[in-house]
Structures are given as structure tokens and as C-alpha cells.
Amino acid sequence: MDRVLFKENIDINTPYEAWGFGSTEEDMDKLSELVLEGKKFGTASSYDEYVMEDALDALPKIGDYSVILNSQDEAVCVIRTYDVYVRAFGDVPPFHAYAEGEGDRSLQYWREVHETFFMDCLGENKMQFSWESRVVCEKFCVEYIPGKEIADEELLFAEPTMNFAKEIAAYRQEMLDAGSSFDGCFSMKRMPDIQEYVDYCIGWANPRRKADEHGAWGNVLLVIRKSDMKMVGCMQVHNVLTERMKKYTGHVGYSVRPSERRKGYAKKMLAKALDFLSSFGFEEVYVSCLPENEASRKTILANNGEFVETVFVKEDNVTLEKYRIRL
């Protein structure tokens, strides 16, 4: 396996761990296959177990490499962790459940499967599980698959965390300098304090929070280019809509960093948003664009958008083209 790491231009002395997903041989094979298919790019473990075993120094870290094994202890691929955060079980957001790639990829399915899993894990140490039990949520990308080429321009997707604070700040400044609208960025424009912005996004996606006066839930997703870990885009994906969203703007808003436009990123971003929305059970979603925004229209049409109507948003004095996309 050292030769594999060396082949991928990784220093031969780079530390890594070899392990398999799940607790059974069947799980190891099924979940590793999901990784190879690109459906699984997230995993979770019990933070309280690390505490119980006095092993906090062994927590997953950004930049960690792992060799993923199947049930026969054969190396399936090499992955690299690109984001890690700790949340209470009940606060784990829908996008993490989607990232784990299991079942229908819904939060409900994730909770059902992992509640049992964590109860068993903690029970072995005579610890009680509750929805306040802490969970280590990890996102990873595939660095090597034997016999297969990995695209250099692959996009990674993550919820806002302070792990990406510098990239968020740089993205925000470039958007301001270019006079760009902050479509899909939630409140980034009015929040120069990145910690405030990150906390706001985390709260907005928290499945346990009470509905605000607008009634909406949603998820801000940072779009990171794998080759240099630069934030090239931002998306706002709504799984619950306000009346205004239903009438005008729809389920998805997105923007691409001014210096990174015309590279096909928007098409890939919208495709990921649509796939994520399918985990909520949607059969069709709606998106809108300004009539003069030809690039956005092409992005929507490239994702099988069907023109519905032109609508006028009186309070904003703006006209939008509304499209439907069947999932």
C-alpha cells in the first residue's frame, strides 16, 4: 500500500490508517461500494467513545488519509478527510445524512440506523445514548482507486464550519469587490464576522430548531475545488419553502466565485443540489433566474429545467423566469 500512496504523489512516510466501514462484513462491502460509486463521502463516529477511552488525540482530522478495506481485508481505495465537526446526535443536519449515502439518504433513515449503532457502541462501555450524545461527523474525498483515474477538477461539498473560515472570507470579499449578488449565500453579504455567519448557517440547517417567522428550513453548502481546496461556489438549498419561495424563487439559489466562472461549475452544483433534494422525497423542484442571466438559464436547462412562467416580484421590483425540474 505504500507503493499506492507513492504513486499518487503522496509522501511515502505519510501516516494512514486501514479500516472498513460498518460493524459487519456485509456492511464493509456494501458501504465501500457506495464510496466507489461516489454516493458515500461522509461517516460518523461516537465522540463520547473517544472520551471514554481517553483517545481524543485519535479523533479524525482534516488531511487524514485512510485505506478503506472490504470484508476480505483488501484495499478498495484511499480517502482523505476534508472536514470534521462534532454535533449532538439530534443536531446532525440533513446534508450529513445525505453524505453518508445509505438507504434513501434521508435524515430519518440515518437517525434510525445510527441510533441503534450508537446505542450498541456506547452500551459496550456502559454509557447511555441520547439525542444529546455527541457525534463526530466527517466528510472525505477519494484520492485513489486501483485502476481508475480520479478527476482533478472534482468538486467537494460541505456545510459551513470554521474549518473553511479563510475561504469563506476570501469568497465574500471577491464577491463584494466584483459587485456580485450573493445568490445562494444566505446572509454572507451582511455578516463580515465569519463565526457569526457559520453559526447562523448551522442554526438554519439544524433539524431541531423551531420555525422562524418565515417558516423556512434550508442548507448552505460550500463548494470546494478538490485540487487546491479553494471555495469556488456557494449554494442555498431549501427543503421547506416560505410562501414567497413557492411563488417566486424556488428551492435552490447558487453563485460562483467571479474568478472561477465559465468553467462548468454551476451545472455540477445544481446537479448536486437536485440529488440532495431527492433525499427529501421531492419529485420536482423549482428554480428561478433573471431573464437577462443567460448563464444561469443555460445551467437550469442543462439540468432538464422546464420553463413554467415569468413572474414579477413586486416587493423587489424584479422579474424572474421560473423553471421546474423533475427528479
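Which helix and which strand each supply at least two residues of the lining of the largest cavity? The model shown in every view is predicted.

**Figure 1. The largest cavity.** The space in this cavity is about 70 Å³. Helix 7 and strand 7 (217–225) each supply at least two residues of its lining. The largest share, three residues, comes from helix 7. The residues that line the cavity are Arg87, Pro93, Glu159, Pro160, Cys201, Ile202, Ala205, Asn206, Asn219 and Val220. Sorted by class, the lining has six nonpolar, two polar and two charged residues. The count of cavities of 30 Å³ or more comes to two.

**Figure 2. The largest pocket.** About 1700 Å³ of space lies in this pocket. Its lining is made up of 50 residues, and nearest the centre lie Phe182, Asp183, Gly184, Gly253 and Tyr254. Several helices each supply at least two residues of the lining: helix 7 (194–205), helix 8 (243–249), helix 9 (265–278) and helix 10 (294–302). Strand 8 (230–240), strand 9 (252–256), strand 10 (284–289) and strand 12 (318–326) also supply at least two residues each. By class, the lining divides into 18 nonpolar, 18 polar and 14 charged residues.

**Figure 3. The second largest pocket.** The space in this pocket is about 1000 Å³. Of the 39 residues that line the second largest pocket, Trp19, Thr43, Ala44, Ser45 and Tyr50 are the closest to its centre. Strand 1, strand 2 and strand 3 each supply at least two residues of the lining, as do helix 2 (25–37), helix 3 (47–52) and helix 5. Helix 5 gives the largest share, six residues. The lining has 16 nonpolar, eleven polar and twelve charged residues.

Figure 4. The strands stand in the order 1-3-4-5-2, and their pairing is mixed. Strand 1 (16–19) and strand 2 (42–46) are at the edges; each has a single partner strand, so one side of each is left without a neighbour in the sheet. From one strand to the next, the twist averages 35°. Helix 5 (residues 107–124) packs on the sheet and touches strand 2 and strand 5 (134–144). The direction of helix 5 makes about 35° with that of strand 2.

**Figure 5. Strand 3 beside strand 4.** Strand 3 (residues 65–69) and strand 4 (residues 75–88) pair over five bridges, in the antiparallel sense. Val67 has Val78, in strand 4, as its bridge partner. Thr81 also has its place in strand 4. Thr81 counts as buried because its relative accessible area is 1%, and buried means under 20%. Apart from its neighbours within four places in sequence, Thr81 is in contact with Lys61, Ile62, Gly63, Asp64, Glu138, Lys139 and Phe140. Asn13 is 68 residues from Thr81 along the chain, and the C-alpha atoms of the two are separated by 18 Å.

**Figure 6. His96 in helix 4.** His96 lies in helix 4 (residues 94–100). With a relative accessibility of 0%, His96 counts as buried. Its contacts, leaving aside neighbours within four places in sequence, are Gly42, Thr43, Ala44, Tyr85, Trp110, Cys137, Glu138, Lys139 and Glu159.

**Figure 7. Glu143 in strand 5.** Glu143 has its place in strand 5. This residue is buried, and its relative accessible area is 15%. Between the C-alpha atoms of Glu143 and Leu290 the separation is 38 Å, and the two residues are 147 apart along the chain.

**Figure 8. Two loop residues with positive phi.** Arg105 is not a glycine, yet its phi is positive, at about 65°. Arg105 is in the loop between helix 4 and helix 5. At a relative accessible area of 15%, Arg105 is buried. Asn304, also a residue other than glycine, has a positive phi near 70°. The loop between helix 10 and strand 11 (306–313) holds Asn304. Is Asn304 buried or exposed? Asn304 counts as exposed because its relative accessibility is 58%, and exposed means over 50%.

Notes: Residues numbered from 1 in each chain as written. Predicted model: local features only at pLDDT ≥ 70, side-chain atom pairs only at ≥ 80, totals over all residues. Heavy atoms only, no water. Pairing = 2+ DSSP bridges. Helix = DSSP H or I, 4+ residues; strand = E, 2+ residues; numbered from the N terminus. Axes fitted to C-alpha atoms, helices over the stretch in contact; angles between N-to-C directions. Contact = heavy atoms within 4.5 Å. 1 Å grid on protein atoms, 1.4 Å probe; cavity = no way out; pocket = protein on both sides within 12 Å on 5 of 7 lines; lining within 4 Å. Points joined across faces, edges and corners; volume = space filled by probe spheres on them. Nonpolar A, V, L, I, M, F, W, Y, C, P; charged D, E, K, R; others polar. Buried < 20%, exposed > 50% of the residue type's maximum accessible area, 1.4 Å probe, protein only.
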